[in-house]
Amino acid sequence: MEIERGVAEARAAAASLSRPLGFVPTMGALHAGHLALVSAARAECRAVAASLYVNPLQFGAGEDFERYPRDFERDRAQLAAAGADLLFAPDSAAMPVAFSAIDLGSIEDRFEGEWRPGHFRGVATVVAKLLDIMRPDVLYLGQKDAQQTAVVRRMVRDLKLGVEVRVVPTVRDADGLALSSRNAYLSSDERRAAPSLHAMLQRVRTSMESGIDKGSAIAEARPTLSAPGALDYLDVVDADSFEPIETLRAPAFIIAAARFGRTRLLDNLWIR
Ligand code: AMP
């Protein structure tokens, strides 16, 4: 696996790879969820590039940018073993924070956008930058960050970026907790309570499938989140626009976010 730190070098290395080229952007602290994206790319493309960059633009003031887990050597070894051909791991000098930014309108102000103002603007801006450097044919994103997939799809469509977007299903621990680099922050009590987030989403789906209206399904499910979990939101949204919808139909996501101590966890069920 080739490793590049500079933009010009990464651009040249990506341009020399076989086509179709699959691309997996990450912030590192890799787990089986990230590796599922690499495997999907490996299965569908002739070459695979990944990036590893903790993007300061997508962290708000007081968030975990400074303490976000970083272990380059472990990440490098996992990507190489998973079959990536190229790793772009820019340092901050290679990716200066610029004034230009991508504005996606109302989709970035709902749900995660409301709780993390500026987050999706930061995500979209860095993904646009990475796509321009890597010029992949297929971009691989995880279902776990469902609103991010909707934001990036919209950007790709609106700006005619000419890349296919593939969404890979969420990889979970045996007890249902979605894998996340941030799970490492959870205390043992928080870790024990965290799978109730997924169970709560399943309750909403089961209730709505049995004909119960959304309001009642959500009201009944909310209290099942285990302490110390504190719910930020629980809703059913159109998969594309992220507008709330009243009935369960495809494509949609049942989405939730909750805080367990200082750690915010996201999860969703994909109705497709
Ligand atoms: P991150 O490093 O958190 O920015 O995530 C990089 C990519 O991995 C994003 O597209 C995420 O949605 C995806 N991802 C994170 N966790 C999971 C998971 N548990 N299952 C599948 N994909 C995931």
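Let's start at lysine 214, which sits in helix H9, residues 214-221. A quick reminder that we are looking at a predicted model.

So, is lysine 214 buried or exposed? Lysine 214 counts as buried because its relative accessibility is 7%, and the cut-off for buried is under 20%. What is lysine 214 in contact with, leaving aside neighbours within four places in sequence? Met208, Asp235, Val236, Pro244, Ile245 and Glu246. Now take glycine 6. Along the chain, glycine 6 and lysine 214 are 208 residues apart. Their C-alpha atoms are separated by 49 Å.

Next, the domains. The protein divides into domain 1, residues 2-168, and domain 2, residues 181-267. How many residues does each domain bring to the contact between them? Domain 1 gives 24 and domain 2 gives 20. Taken over C-alpha atoms, the domain centres are 25 Å apart.

On to the cores. The largest nonpolar core has 46 residues. Which of them touch the most other members? Val127, Met134, Leu139, Met155, Phe242 and Phe253. Helix H5, residues 119-134, supplies the largest share of this core, with ten residues. The core also spans the domains: at least three of its residues come from each of domain 1 and domain 2.

Last topic: empty space. Rolling a probe the size of a water molecule over the atoms shows where space is left. How many cavities of 30 Å³ or more are there? The count comes to one. The largest cavity has a volume of about 30 Å³. Its lining is Tyr53, Asn55, Pro56, Leu57, Met95, Val97, Val126 and Lys129. By class, that lining has six nonpolar residues, one polar and one charged.

Now the second largest pocket. It holds about 180 Å³ of space. Its lining takes 13 residues. Which of these lie nearest the pocket centre? Leu52, Tyr53, Val54, Arg70 and Phe72. The lining of this pocket divides into eight nonpolar, one polar and four charged residues. Note Tyr53: it lines the largest cavity, and it is also in the lining of the second largest pocket.

Conventions:
Residues are numbered from 1 along each chain as its sequence is written. This is a predicted model: local features need pLDDT of at least 70, side-chain atom pairs count only at pLDDT 80 or more; totals for chains, interfaces and linings use all residues. Side-chain values use heavy atoms; hydrogens and water are left out. On a 1 Å grid over the protein atoms alone, a cavity is a set of points where a 1.4 Å probe fits but cannot get out, and a pocket is an open set with protein on both sides within 12 Å along at least five of seven lines; lining residues have an atom within 4 Å of a point. Grid points are joined across faces, edges and corners, and a volume is the space filled by probe spheres set on the points. Ala, Val, Leu, Ile, Met, Phe, Trp, Tyr, Cys and Pro count as nonpolar, Asp, Glu, Lys and Arg as charged, and the others, Gly among them, as polar. A nonpolar core is a set of buried Ala, Val, Leu, Ile, Met, Phe, Trp, Tyr and Cys residues joined through side-chain atoms within 4.5 Å. Buried means under 20% relative accessible area, exposed over 50%, partly exposed in between (1.4 Å probe, protein chains only). Helices (H or I, at least four residues) and strands (E, at least two) are DSSP runs, numbered from the N terminus. Domain bounds come from an automatic or database domain assignment. Contact means heavy atoms within 4.5 Å.
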